Amino acid sequence: MSVELPALPYAIEALEPHISRKTLTVHHGSHHAAYVDRTRALIKGTPLESASLVEIVKAQASQPGPLFNAAAQSWNHAFLWQSMRPNGGGDATGAIAQRIVKDFGSHDAFREQFQAAAVGQFASGWAWLVLDGGTLKITTTSNAATPLTGSQKPLLTLDVWEHAYYIDYQQRRPDYVKAFLAHLVNWDFANANLAG
Ligand code: MN3
């Protein structure tokens, strides 16, 4: 079985003060771990037992049920951890920086649009920076839905489920999104996805 809980790519307290050790302990160690456990339980003894997580998500996309939800949330969370880093955020760096300016107008305009989308996603879901036919776009998905199942290529994501921020920010989702954009975005990861 190839579906496993990946380790965080940084120390559990590395994103403080923006995302606390307490939040990551619960979010990675309980929420993400539970999605992985559920996926493993549901594929056991089925033809998907040896499939990769991406294959499982894509195979379930046309009839999303419990396995789609568990597998897509497993993938989305692994992508989320890599979308952040200590001392990240701010203006984009590398090759994606020029595209941000070309497709959004400026780094500030990108941040304003991402902030509005992430705050505007009603209830649980995800905000994404994607490549859509050669153009950068911001999009959101509900619950476990992921751009992985469509034609858009995911470059970065932010989890806007309440469990992602409630311990640190309570109901203040705008402050959580602002902290992500200012201090946490991993532009190296976005550049690697863009090139890959
Ligand atoms: Mn989450």
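Predicted model: local features only at pLDDT ≥ 70, side-chain atom pairs only at ≥ 80, totals over all residues.
Residues are numbered from 1 along each chain as its sequence is written, and side-chain values use heavy atoms, with hydrogens and water left out.

**View 1. The manganese ion and its four donor residues, H27, H77, D159 and H163**. The ion is coordinated by NE2 of H27, NE2 of H77, OD of D159 and NE2 of H163, at 1.9 to 2.1 Å. Donors here are N, O and S atoms within 2.8 Å of the metal (3.2 Å for Na, K and Ca), and because water is not among the atoms, sites may look incomplete. Along the chain, the donors follow the spacing H-x49-H-x81-D-x3-H. D159 is buried, with a relative accessible area of 0%, and H163 is also buried, at 17%; buried means under 20% relative accessible area, exposed over 50% and partly exposed in between, with a 1.4 Å probe and protein chains only.

**View 2. The cis peptide bond between E16 and P17**. Omega of this bond is about 5 degrees, and P17 lies in the segment before α1 (21-43). Helices (H or I, at least four residues) and strands (E, at least two) are DSSP runs, numbered from the N terminus.

**View 3. Positive phi at A123 and at Q170**. A123, although it is not a glycine, has a phi of about 60 degrees, and it belongs to the loop between α5 (107-120) and β1 (125-132). With 43% relative accessibility, A123 counts as partly exposed. Q170, likewise not a glycine, has a positive phi of about 50 degrees, and its relative accessibility of 30% makes it partly exposed.

View 4. Contact, meaning heavy atoms within 4.5 Å, links 21 residues of domain 1 with 25 residues of domain 2. The two domains bury about 1800 Å² between them, 70% of it on carbon and sulfur atoms, where buried area is the accessible area (1.4 Å probe) that two parts lose on being put together, summed over both. T23, F79 and S83 supply 31% of the area that domain 1 buries against domain 2, more than any other three residues. Eleven residue pairs, both at pLDDT 80 or more, are in polar contact between the domains; a polar contact is a pair of N or O atoms within 3.5 Å, where within protein one must be able to donate a hydrogen and the other to accept it, and residues adjacent in sequence count only if both atoms are side-chain atoms. On the side of domain 1 that touches domain 2, α1, α2 (53-60) and α3 (66-82) each supply at least two residues, and the largest share, ten residues, comes from α3.

**View 5. N193 in helix α8 (residues 187-195)**. N193 is buried, with a relative accessible area of 17%. A polar atom of its side chain lies 3.0 Å from the backbone oxygen of L155. Leaving aside neighbours within four places in sequence, N193 is in contact with F79, K153, P154 and L155.
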